[in-house]
Amino acid sequence: MSVESMLLFVLAAVAVVVLVRWVANRTSLPAAALLAIIGIGYALLPGPNVVLPPEIIMAFVLPPLLYSAALDSSLLAIRRNLRTVVSLSVLLVFLNAVMIGIGFQWFVAGATLATGIAVGAAVAPPDPVAALAVGRKVGLPPRVLTLIQGEGLLNDATALTILSVAVAAATGGGFSAPSALGQFLIAAVGGVAAGALVAYAVRLLTRALSSDPLMANAVSLATPFAAYLLGEKVHVSGVLAVVVAGLIVGHHRPRSASGASRLQTNAVWRLVDFLLEGFVFLLIGQQLPEVVRGLAQYDSATIVIAVTITVGVVLLLRPVWLVLTQSLPRSLYTWLGGRAVDDDRAGADKTPAAPSHDRVSQRLTGRAVVALSWSGTRGVISLAAISALPRVTADGAPFPNRDLLLFCTFVVVMITLVGQGLTFAPLVRALGLRADEVDQARLRNEARSAAVEAAIARLDELAAQPHNDAKTHAIETMRGQLRGQLTHHQDRRDQLSSTDLVHVPASPRHEAALHVRREVIDAQREELLQWRDAGRLPDEGLRVLERELDHEEGLLPTRRPR
């Protein structure tokens, strides 16, 4: 493919990604599923296709996507639900791999336990991108979103470690259960340590570079690759190192980074996610010709049996596992991730709990179990993992059933990504599973009030210190503004305290104030443009003043106030 053709292909792909995002924003359809379908359609047309190189995916695509997701995750929420997350991202992944491996050994001609476990490990980890996008749009409860996100962050490391053990056994390295367990523990513990080490270094750099958002942003972009490279170089889980680094950096970012750095970093990572996810899901569908090409050597019965086993275990084991873990006796349920007591009250650290969340149900509701069961969409990590299988074994023979394993993985990815992805939103709506918007708005309002009261207390401390008249005027002006904010938050609290509220009520005065402020900003911006067009203000000066207005406008909510 020539340089011009490659450039044309990239521009066309960007256009498709933007168009699909536009469609997804106006419908309930997930962009990931739409892009995969378009990719299949393109693959069926004459012309060149782009093959996903697994080493490129693992080293250049997966780290930034995982790191960005970890930055946006809640370390505290994952820690509160850690055992449930671990049961899904470790135990369930292991069961998927083993059950598919046994099924292949028993029913697929020529397959071994090791090759079956290899494909089982590849299809075991869900890719939560599509499910999270839909879940956020339809308003899934925070705990369900945390479980989907936490599982997606941690399951890749489990699956890739199991896959490496299975490949070693299939290529002649032999299999030993104690050795496999030891390898897994070393990879996991080492990955956590590598990620924590990188996060510590990044926090030091971020503090030192907090005055320059560009340098801080460059460090942020390099962090996932540094964590992955360190993990791989010391032969531990590079994927887990990236996730741990992202969770730690994201947790401490409010203290270690400046406001300007956070604004710029968030914008850059949103763009990285948008482009990488779009290209990846678009390219998934284009793998169809490469996957189908190697099936000529297998009879139809073998293909059908292998696909049935793989898809059946993936779709059935997840709901069975969730139902079983929610139906266990209290002591065993607690060990696997439940709460023995209602421990969500944050009294230990004196942090106020949400008004109606200080007592949380110990178990997931039936509707939450159904939603989680249907959220296990697979994605690029499955295709990259199975594509990385060696083509020959240690003695030079072809890797057993490699093309069949690749096809089974592709079918699972397409069935879950398209089938579950397109039906997840209607399912959630049919279940009536939604977050308590009023309760969340009440909690945010209480936090705003507490922040304003802390600011007023700081002004009282400043007023008690020796100061001149100018500072006295500044303190009193700021005190008046803060007391106005506090009055608004208190009125909002009274409005949200109504027990019969189902949806967050609008605040007419606040909405009117927002409308007026936007009109004022538009008028200021238009006047500056007239100055520039008349030659009275240079473009450099316009950009400085325009950036001030942009930041002020960015502080205004884009939706009706909550």
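Here are some questions and answers about the predicted model shown above.

Me: What should I know about the numbering and the cut-offs before I start?
Reply: Residues are numbered from 1 along each chain as its sequence is written, and side-chain values use heavy atoms, with hydrogens and water left out. Since this is a predicted model, local features need pLDDT of at least 70 and side-chain atom pairs count only at pLDDT 80 or more, while totals for chains, interfaces and linings use all residues.

Me: What pLDDT does the protein chain average?
Reply: pLDDT is the predictor's confidence in each residue, from 0 to 100. In this chain, 89% of the residues score at least 70. The average pLDDT is 82.

Me: Are helix 10 and helix 11 parallel or oblique to each other?
Reply: Their axes, lines fitted to C-alpha atoms over the stretch in contact, come within 7 Å and cross at roughly 140 degrees. Angles run from 0 to 180 degrees between N-to-C directions; under 35 is roughly parallel, over 145 roughly antiparallel, 65 to 115 roughly perpendicular, and the rest oblique. The two helices are therefore oblique.

Me: Which residues of helix 11 make the contact with helix 10?
Reply: On the helix 10 side, the contact is made by Pro 224, Ala 227, Tyr 228, Gly 231 and Glu 232. On the helix 11 side, you'll find Gly 238, Val 239, Ala 241, Val 242 and Ala 245.

Me: How many residues of helix 6 are buried?
Reply: Buried means under 20% relative accessible area, exposed over 50%, and partly exposed in between (1.4 Å probe, protein chains only). Helix 6 (residues 113-123) is mostly covered, with Ile 117 and Val 119 among its buried residues. The count is 10 of its 11 residues.

Me: Is Gln 286 buried or exposed?
Reply: Gln 286 lies in the loop between helix 12 and helix 13. Its contacts, leaving aside neighbours within four places in sequence, include Phe 9, Tyr 42 and Asn 49. Because its relative accessibility is 3%, Gln 286 counts as buried.

Methods
Helices (H or I, at least four residues) and strands (E, at least two) are DSSP runs, numbered from the N terminus. Contact means heavy atoms within 4.5 Å.
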